[in-house]
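Could you walk me through how to read a few features of a protein model? I am new to this one and would like to learn by asking.

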Amino acid sequence: MNVNVVSISGGVDSTATALLAIERMTPNLRFVFADTGNEHPLTLEYIGYLENVFKAPIMKVKADFSAKIETRRRKLVSRIKDRKKTGWTNKRLRQALWTLTPTGNPFLDMCLYHSRFPSATRRFCSGELKVIPIQQAVFAVILDNGDKPISWQGIRWDESPRRALLPMHEEGEIDIYRPIASWSKKKCFDYLAQHGVEPNPLYKMGMHRVGCMPCIFARKAELSNISRMFPEELDRISRWERRVSLAARRGISSFFSYDKTPRGKNSKNFNNCTVYHVANWATTNRNGQASMLDILPQPECVSEYGLCE
């Protein structure tokens, strides 16, 4: 028996994919949401809203890094005698061992385990926080039952050059189906509107991505909106930066890469690229100067997608 599984992120693409599956009366349809621990509360509320729209439960899964963190602790303990060769100081080792304890938040625990945040060159977040947990909690169970899982993914070709190379269908132990691959973002929003389904409210607040708050790839305008409307999210990231830094051999780790701001790019200094440095940079114009937009009244709706009435 084929079991169709739609991965839900809270974004418009995955929501459109789910609605398309429902519209086609796809049999044996299931929905799953991977809680990364870095979602905005509005996204979590939106998942509840979608359960009512789909008239079906959405399974929630979370990655668990407890065992991996314990393994890393043991490796650090084994390096105490050879700390001069490994570059660790007594202070750094004590700090790392003290902070390397699971918090129960998947995103933070992942970063503690790696002693760093994900980046463009080491983008391990999606795989470890979404793909693997869903495979373990959903697809593995389907396979163990002797059934065939089909993974419906809300991926579009115009999102990036890498995604443009992905086929609409892939066959394997787990078949992959990307039914909206040829769609535009606007078509996804229009499709939700046709079904009378509201998009994630964060889109109307200027968010380009709603899967994480913020995403490591957040745009400048988006970061400016986050800084203005959700400063508590930046405070949370700042706390995470301090904790992950304690687990790092260099004693410093920032959520955004050092070249996110002109100052950081020129100095190649992670200290110039904390989340607050990036947030301050996001409120400047293209020349890096203070923008008049900072002192002008802000519109109620700053959607990148023209969602305002």
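Predicted model: local features only at pLDDT ≥ 70, side-chain atom pairs only at ≥ 80, totals over all residues.

Q: How many disulfides does the structure hold?
A: A disulfide is a pair of cysteine sulfur atoms within 2.5 Å. Here there are zero disulfides. Take Cys-111: the nearest cysteine sulfur belongs to Cys-125 and is 8.3 Å away.

Q: Is Cys-111 buried or exposed?
A: Buried means under 20% relative accessible area, exposed means over 50%, and partly exposed lies in between (1.4 Å probe, protein chains only). Cys-111 has a relative accessible area of 0%, so it is buried. Cys-125 is buried too, at 13%.

Q: How do H3 and H6 cross?
A: Helices (H or I, at least four residues) and strands (E, at least two) are DSSP runs, numbered from the N terminus. Axes are lines fitted to C-alpha atoms, for helices over the stretch in contact, and angles run from 0 to 180 degrees between N-to-C directions. The axes of H3 (residues 66–78) and H6 (residues 106–114) come within 9 Å and cross at roughly 25 degrees. Therefore H3 is roughly parallel to H6; angles under 35 degrees count as roughly parallel, over 145 as roughly antiparallel, 65 to 115 as roughly perpendicular and the rest as oblique.

Q: Which residues of H3 and H6 meet?
A: Contact means heavy atoms within 4.5 Å. On the H3 side, Lys-68, Ile-69 and Arg-72 meet Asp-109, Leu-112 and Tyr-113 of H6. By class, this contact of H3 with H6 has three nonpolar, no polar and three charged residues. Ala, Val, Leu, Ile, Met, Phe, Trp, Tyr, Cys and Pro count as nonpolar, Asp, Glu, Lys and Arg as charged, and the others, Gly among them, as polar.

Q: What about the crossing of H10 and H13?
A: The axes of H10 and H13 (residues 275–282) come within 8 Å and cross at roughly 110 degrees, so H10 is roughly perpendicular to H13. Lys-220, Leu-223, Ser-224 and Ser-227 in H10 meet Val-278, Ala-279, Trp-281 and Ala-282 in H13. This contact of H10 with H13 has five nonpolar, two polar and one charged residues.

Q: Where is Asp-13, and what is it in contact with?
A: Asp-13 is found in helix H1 (residues 12–23) and is buried, with a relative accessible area of 7%. Leaving aside neighbours within four places in sequence, its contacts include Arg-156, Glu-159 and Lys-185.

Q: Which backbone angles deserve a look?
A: Met-25 is not a glycine, yet has a positive phi of about 55 degrees. Met-25 lies in the loop between H1 and strand E2 (29–34) and is exposed, at 71% relative accessible area. Ser-115 also has a positive phi, near 60 degrees, but Ser-115 is buried, at 12%. Finally, the peptide bond from Met-213 to Pro-214 is cis, with omega near -5 degrees.

Methods. Residues numbered from 1 in each chain as written. Heavy atoms only, no water.
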